[in-house]
Amino acid sequence: MDTAVDGIIVIDDRARMLLFNKACEALFGYEAAEVIGENVKILMPPEYSLEHDAYVNHYLDTGEKRIIGIGREVKGRHKDGTVFPIELSVGEAGTPAGRQFIGIIRDLRQRKAVESRINHLQAQLVHMARVNAMDEMGAAIAHELNQPLTAVILYLQAILRKMGTAATEDPANRPIVDILGKAVREAERAGSIIQRMRQFVEKREPARQGVDLRKLMDEALELTLLGSSVPDVEIRRDQDEDVPPVDVDPVQIQQVMVNLIRNALEAVKTLETGRWIGIGIRREDLSVLVEIEDSGNGIPKEVVRNLFKAFSSSKKTGLGLGLAISRSIAQNHGGELTVSPGGGGRGAKFVLSLPISAPRRSLPSE
């Protein structure tokens, strides 16, 4: 019995333990000498131990089997008080010393952990399928909105031309012309946003080109803040004027920027005051650094270790893929994505470094 992988316990008809093998010692933390002669309920959490003796007496009095001969998932209690899941099978034997019951116990913690992980991954896959569907819907909606918006711009421009002539003849019409001009500019801005949203979600082959990261950041901020529910966030810009273009895929790098800005917004959302996000773009040696900092409470130490691992999100609604994908994109461009977790009154600071010129490395879809 001491060589058995599963725990084996033998008790008498008074629930006193007569045998406690080595596997049980490892499972429950007791030495056999500590428990032989003790009631088996010391290995059970309160919800089982309080009624165990009554179950044994009920069986002895009536012969009604509730667990004997039937495997069941129950809970055990370690010597240190930890409660954990076990599979328990109980058999009965008649001996010259009276009836004895043999329990075979299997630790279910590892299996439960695997099942939990599988269920979690399945839920994430369902979520990803919904996100993919929403991406396709978003691209379709953006395409459909672009047509009526273009028509609105054309109508406004036609009216503006007419009113321009009227304003020349009558200066009193000048305020109307100014308002129409503003309306045209806002409609064109809306069209530009929709166009960028389509580019952001559409499936396409990676294409690198020389990109001004300052302009790319402007667009990323506009896209992110457009749908943000976080009020009164101050954007602090600090960027060098002599930042050279970098050879990157603009859509992929903008995806990284958007993800980092969204994370920063999430970090400051719960603050009562002092909500700000710092954006820095500067040159350092042969790289351009994009720094995104927030005024939040920093990243807990226990989270930092797995921060860039897939499916390790600490958010209830997060997939845990954003930072993992962002680092992969940075590395595929010959750069890196790092973090200073902050804490102690400082927020987190992410740094995206991209080489000014470096040998081409293949992107994930190439």
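Two strands count as paired here if DSSP finds at least two bridges between them, and helices (H or I, at least four residues) and strands (E, at least two) are DSSP runs numbered from the N terminus. This is a predicted model, in which local features need pLDDT of at least 70 and side-chain atom pairs count only at pLDDT 80 or more, while totals for chains, interfaces and linings use all residues. Residues are numbered from 1 along each chain as its sequence is written, and side-chain values use heavy atoms, with hydrogens and water left out.

**View A. Strand 1 and strand 2 form a hairpin.** Here strand 1 (residues 7-12) meets strand 2 (residues 17-20) in the antiparallel sense, over 3 bridges. Look for Val10, which stands opposite Leu19 in strand 2. Between the two strands lie 4 residues, and Ala15 in the turn has a positive phi of about 70°.

**View B. Lys112 forms a salt bridge with Glu73.** A salt bridge is a side-chain nitrogen of Lys or Arg within 4 Å of a carboxyl oxygen of Asp or Glu, and the structure holds 18 of them. In the pair shown, the closest N and O atoms are 2.8 Å apart. For accessibility, buried means under 20% relative accessible area, exposed over 50%, and partly exposed in between (1.4 Å probe, protein chains only). Lys112 is partly exposed because its relative accessibility is 29%, and Glu73, at 46%, is partly exposed as well.

**View C. Arg214 forms salt bridges with Asp212 and with Glu241.** With Asp212, the closest N and O atoms are 3.3 Å apart; with Glu241, the corresponding separation is 3.7 Å. Arg214 sits in helix 6 (residues 213-226) and Glu241 in the loop between strand 7 (234-239) and strand 8 (246-248), so this pair ties together parts that are 27 residues apart in sequence. Is Arg214 buried or exposed? Its relative accessible area is 17%, so Arg214 counts as buried.

**View D. Four residues are linked in a network of salt bridges.** The members to find in this close-up are Arg282, Glu284, Glu291 and Lys349.
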